[in-house]
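Student: I would like to go through this structure and ask what stands behind the terms used for it. Please set each value against its cut-off.

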Amino acid sequence: MVFRKPPDGGWGWVIVVVSFFTQFLCYGSPLAVGVLYLEWLDAFGEGKGKTAWVGSLANGIGLLASPVCSICVSSFGARPVAIFSGFMVAGGLMMSSFAPNIYFLYISYGIVVGLGCGLLYTATVTITCHYFDKRRGLALGLISTGSSVGLFIYAALQRELIDLYGLDGCLLIVGALSLNILACGSLMRPLESSDSPPPEKTCVDKVPDQYFVYHEKEKTVEENISILEKGYVDEKCANNMPDYKQDSILNKNVLSSINVNEKDTYKKKVVEQTNFCKQLAKKKWQLYLNYWEETVVLFKNKVFSALFVAILLFDIGGFPPSLLMEDVARSANVNEDDYRMPLISIIGIMTAVGKLILGILADFKWVNTLYLYVTTLLMTGVALFAIPFAKSYLTLAMLSGILGFLTGNWSIFPYVTTKTVGIEKLTHAYGILMFFAGLGNSLGPPIVGWFYDWTQEYDTAFYFSGFCVLLGGFLLLLAALPCWNACANKSSKLPPNTYSYKVASSA
């Protein structure tokens, strides 16, 4: 497919708007699943750890399947994938309203909705990158706030719908709202070149190879028959042989000629197909080996190795508050009359603010993006340690706002990855890191829930969460210290294509 130069505007702004609403509609319910989590606890009577798997799968499965999502968008395009995924998200939410047990929700809400969200995220980011080049950062920043705004609105919306129509009615209505993704997806027009379309194949080019083989045989047979018929007529006139004898000779010659040519053609095609398969297998195997060689080279980079550990531990410890904060307030016996706004809504709106402010800070030349990211990790760990001491709505709301703002460090994570491995390795490295981020999202809430099931209180669970985030932050800080660069300069040269993060004020 031939693409025009990104217009950095025009229909691209329509793409930004529909991508914003797509992420708003698909991620609103999964990110605000903490409201539903309380209802599922009461409805099914399962443990907190087992119930937390529903929300963690919905938020983690999309990241775990990010390579598959990328292949789907590359193969079919953003618009078909967005429309198909809209049916997945809406269908999964509506199916969840009929869930007879928690295991059904693992499939309908956790896997179906989660995978649909992962496909939609990839589709919106891909189509936006096609339409923007110089303003790509601004465009991606705008669409990424869609999920945070969705969290802010859906937390209050789902609570109101549950009060009016019950849990099943809430899921049906939210699923019906998700059908608007189909309208958004239909507007994701691919950026194709209309001025110089690719030349169409001629009628001969459109014919399959098997058809050529068949007609090659047929042509050879016709040529042999015509030649033999000509010789047959000449010979008949010269020798005046009886017809039945000449017919017998002709049939033998034709059959022998047909068999020889058919065998030769068949053998030739078999050899060609065998060689093609061997070359294709060899090429695929070489690509596979290159992929793992590049992966090994990436992990030789100390900062990248620390970054992979940090993102895993951050999601194990930092993601549970967005899912469990409402239950934390209920466990702390917070008076419902004090609620001015759901705690999850506060997390959502402050996450959007954090994404914008941290993204702006990362653009300043004097800001070291790696140290900025480490700072957010350390502050998140301290805030998690403070949750067990919060016993009122006001203190929980303040901590929710702080945690939401710090979670906005997702907007600077691509900057950190680029500085660590280089732009040419970004796609490979980012895919690996997102896989482990999805693993952390999937494991974090169940682990915290299991801690509660064992101890019947959240204090130990959030001490564990804070320790995980602090450990990841300190490991990343140690790996980024300037002394490592000094040691690297004294030691032997690094292997080719290996990148080290140079800590400098201009980073």
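Student: How many helices and strands does the protein have, and what makes a stretch count as one?
Tutor: The protein has 19 helices and 0 strands. Both are DSSP runs numbered from the N terminus: a helix is H or I over at least four residues, a strand is E over at least two. This is a predicted model, in which local features need pLDDT of at least 70 and side-chain atom pairs pLDDT 80 or more, while totals for chains, interfaces and linings use all residues. Residues are numbered from 1 along each chain as its sequence is written, and side-chain values use heavy atoms, with hydrogens and water left out.

Student: Why is Ser85 called buried?
Tutor: Buried means under 20% relative accessible area, exposed means over 50%, and partly exposed is in between (1.4 Å probe, protein chains only). Ser85 has 0% relative accessibility, so Ser85 counts as buried. Ser85 is found in helix α5, residues 78-96. Buried residues make up 46% of the 507 residues in the protein.

Student: What does Ser85 contact, and what makes that a contact?
Tutor: Contact means heavy atoms within 4.5 Å. With neighbours within four places in sequence left aside, Ser85 is in contact with Gly116, Leu119 and Leu120. Across the protein, of the contacts with a separation of 6 or more, 83% are between residues 24 or more positions apart.

Student: Which backbone oxygen does the side chain of Ser85 reach, and how do you know that the pair is a polar contact?
Tutor: The side chain of Ser85 reaches the backbone oxygen of Val81 at 2.7 Å. A polar contact is a pair of N or O atoms within 3.5 Å; within protein, one must be able to donate a hydrogen and the other to accept it, and residues adjacent in sequence count only if both atoms are side-chain atoms. The 2.7 Å between Ser85 and Val81 is within 3.5 Å, so the distance meets the cut-off.

Student: What is the span of helix α14, and how is the expected value found?
Tutor: Helix α14 (residues 369-386) has 18 residues and reaches 26 Å from its first C-alpha to its last, close to the expected 26 Å. The expected span is 1.5 Å times one less than the number of residues. At the start of α14, a side-chain oxygen of Asn368 comes to within 3.0 Å of the backbone nitrogen of Leu370.

Student: Is Thr376 buried or exposed, and what does it touch?
Tutor: Thr376 lies in helix α14 and is buried, because its relative accessible area is 3%. Not counting residues up to four places away in sequence, Thr376 touches Leu358, Leu406 and Asn409. Its side chain also reaches the backbone oxygen of Tyr373 at 2.5 Å. The buried residues of α14 pack against helices including α11 (302-318), α13 and α18 (459-479).

Student: What makes Lys48 and Asp327 a salt bridge?
Tutor: A salt bridge is a side-chain nitrogen of Lys or Arg within 4 Å of a carboxyl oxygen of Asp or Glu. The side chains of Lys48 and Asp327 meet at 2.7 Å, N to O, so the pair qualifies. Lys48 lies in helix α3 (residues 48-64) and Asp327 in helix α12, so the pair ties together parts that are 279 residues apart in sequence. Both Lys48 and Asp327 are buried.

Student: How many salt bridges are there, and which residues are linked in a network?
Tutor: The structure holds 5 salt bridges. Asp42, Lys48, Asp327 and Arg330 are linked in a network. Arg330 and Asp327 meet at 3.5 Å, N to O, and being 3 residues apart in helix α12, they are separated by about one helical turn.

Student: Why is Arg330 called partly exposed?
Tutor: Its relative accessible area is 39%, so Arg330 falls between the 20% and 50% cut-offs. Asp327, in contrast, counts as buried at 1%.

Student: What is the phi of Gln456, and where does Gln456 lie?
Tutor: Gln456 has a positive phi of about 60 degrees although it is not a glycine. Most residues other than glycine have a negative phi. Gln456 lies in the loop between α17 (426-455) and α18, and is exposed because its relative accessible area is 53%.
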